[in-house]
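Welcome, and thank you for stopping by. Please take a moment to look over the sequence and the model shown here, and then let us walk through them together.

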Amino acid sequence: MKQVAIQIKNVIKEFPSRGGETPMRAVDNISLDIYEGEFFALLGPSGCGKTTTLRMIAGFEEPSSGEIIIRGKNVEGVPPFHRPVNTVFQDYALFPHMTVLQNVMFGLEMEGVERKEAEQRAKEALDMVRLTQYERKPRQLSGGQQQRVALARALVKRPAVLLLDEPLGALDLKLRKAMQYELITMQQKLGITFVYVTHDQEEALTMCDRIAVMDKGLVLQLGRPEEIYETPKTRFVADFIGETNFVEGTLDTFNNICATVRLDATTTIDATPPAGVELEVGQKVTVAIRPEKISLVPDTGAADSEAVSVEAAEVMQAIRQEQNKTFIPGVITFSNYIGTDTRYTVRIGEKTDLVVRIQNFGTRYDTRFKNGQRVMVFWATENARVLTS
Ligand SMILES: Nc1ncnc2c1ncn2[C@@H]1O[C@H](COP(=O)(O)OP(=O)(O)OP(=O)(O)O)[C@@H](O)[C@H]1O
Ligand SMILES: [Mg+2]
């Protein structure tokens, strides 16, 4: 059984609005459990309530209503320094007049830890973040080094939970990648629960065990990275995480596992219906399909198809016979070579454009399509998902 480290129960946070009447609701009734040892992400666009949520866990804000329980204890009214959590702020908030070592020792000395022991522990924490410039002042350090000091200062208190608010936001891409890797390694080694705030979907996908996707103070979806990416429940989540085609249509027929969606008079596609949602024939729906889940082959039957290889014809024959697939003609209208893969825009039916990503394997089987070329477009039904909200 996984132990719950932090329980957030029906938490609402309202701030008085400047006008005075209706207060501004920054966090709108969220409930979630964060487990011991978990690397948990709060992900969402600017202003969605991530920092406010983190500050309530840390004790810098109190909820307007609801409860926060840390390791089985309701922390209402408990000040930040008495909670078993520590925070790494986005701006690091280091003391400019203190050296690296003094910055890291400071919290321990405030707690009354004896000087020698404080120094010993501070050095251990700095060792963990691989920093040896004990005597430098923050302004003599690079952004990445300052970030490490901030991290060491939080780790030195040996918190059960570490709260990190966009800790890598100020770093350049390369350093950010390196620090991401270090944070993951450190989290696994120490077994500390991490609550990690970010608006960077890639960061959340690659680093975290579970992600809560937030918007406008609400948690829209909570799950493992692959659940959030592969089966987004709403258009907002599908759009926020990665790239997605949204195809508009009306529901023609459906059963539990397959919905046929009409795009225009002559074109239908198949997709997976949402679980636990009532559908109605004729209702307007959106189908979400990731660009990398769509495949293309040259249309061997098309009049303009130039010397289509025997291989391609065989591949197409095999695909046509596979079950649970949409397999329809299309025309390449745009192609964009981006090295690792090529992005095509393909028109299907009368007016529907799909973005398709094809990886450039660099083998003799590689097919690069030209603008205007007729192709067959296909995807597995499970990879296209009907969204109703
Ligand atoms: N002390 C405050 N007083 C009034 N409104 C606040 C206060 N703190 C936050 N807010 C408002 O609450 C909402 C959520 O803010 P929050 O800082 O939690 O967002 P965020 O998700 O961390 O965004 P960002 O990614 O930009 O940091 C925003 O609309 C913000 O303006
Ligand atoms: Mg914030």
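A residue is buried if 20 or more other C-beta atoms lie within 10 Å of its own, exposed if 12 or fewer, and partly exposed in between, with C-beta atoms placed from the backbone. In soluble globular proteins, nonpolar side chains tend to be buried together.

Before going further, a word on what you are looking at. This is a predicted model, in which local features need pLDDT of at least 70 and side-chain atom pairs count only at pLDDT 80 or more, while totals for chains, interfaces and linings use all residues. Residues are numbered from 1 along each chain as its sequence is written, and chains are lettered from A and ligands numbered from 1 in the order in which they are written.

Now stay with α4 for a moment. Of its 13 residues, 10 are buried, so the helix is mostly covered. Among the buried ones are Gln146, Arg148, Val149, Leu151 and Ala152. The cover over the buried residues of α4 includes β6 (85-88), α2 (100-110), α3 (115-128), β7 (161-165) and α5 (173-190). Leaving aside neighbours within four places in sequence, Ala152 is in contact (C-beta atoms, placed from the backbone, within 7 Å) with Val104, Ala125, Leu126, Met128, Val129 and Leu131. The length of α4 also agrees with expectation, because 13 residues at 1.5 Å a residue should span 18 Å and the end C-alpha atoms are 18 Å apart. That expected span is 1.5 Å times one less than the number of residues.

Stepping back, the protein chain has nine helices and 20 strands. These are DSSP runs numbered from the N terminus, with helices being H or I of at least four residues and strands E of at least two. Of the 389 residues in the chain, 34% are buried. The chain is divided into domain 1 (4-235), domain 2 (243-289) and domain 3 (292-378), with bounds that come from an automatic or database domain assignment. The C-alpha centres of domain 1 and domain 2 lie 40 Å apart.

Which residues surround ligand 1? Its shell includes Phe15, Met24, Gly47, Lys50, Thr51 and His199, where a residue is near a molecule if its C-beta atom, placed from the backbone, lies within 6 Å of it. Both β2 (24-35) and α1 (50-58) supply at least two residues of this shell, and α1 gives the most, with three.

Finally, look at a few individual residues. Asn10, in strand β1 (residues 4-15), has a positive phi near 45° without being a glycine. Asn10 counts as exposed because it has 11 C-beta neighbours inside 10 Å. Arg130, found in the loop between α3 and α4, is not a glycine either, yet its phi is positive at about 55°. Most residues other than glycine have a negative phi. Lys216 lies in the loop between β9 (210-215) and β10 (218-223), and with 15 C-beta neighbours inside 10 Å it counts as partly exposed.

How values were computed: Two residues are in contact if their C-beta atoms, placed from the backbone, lie within 7 Å.
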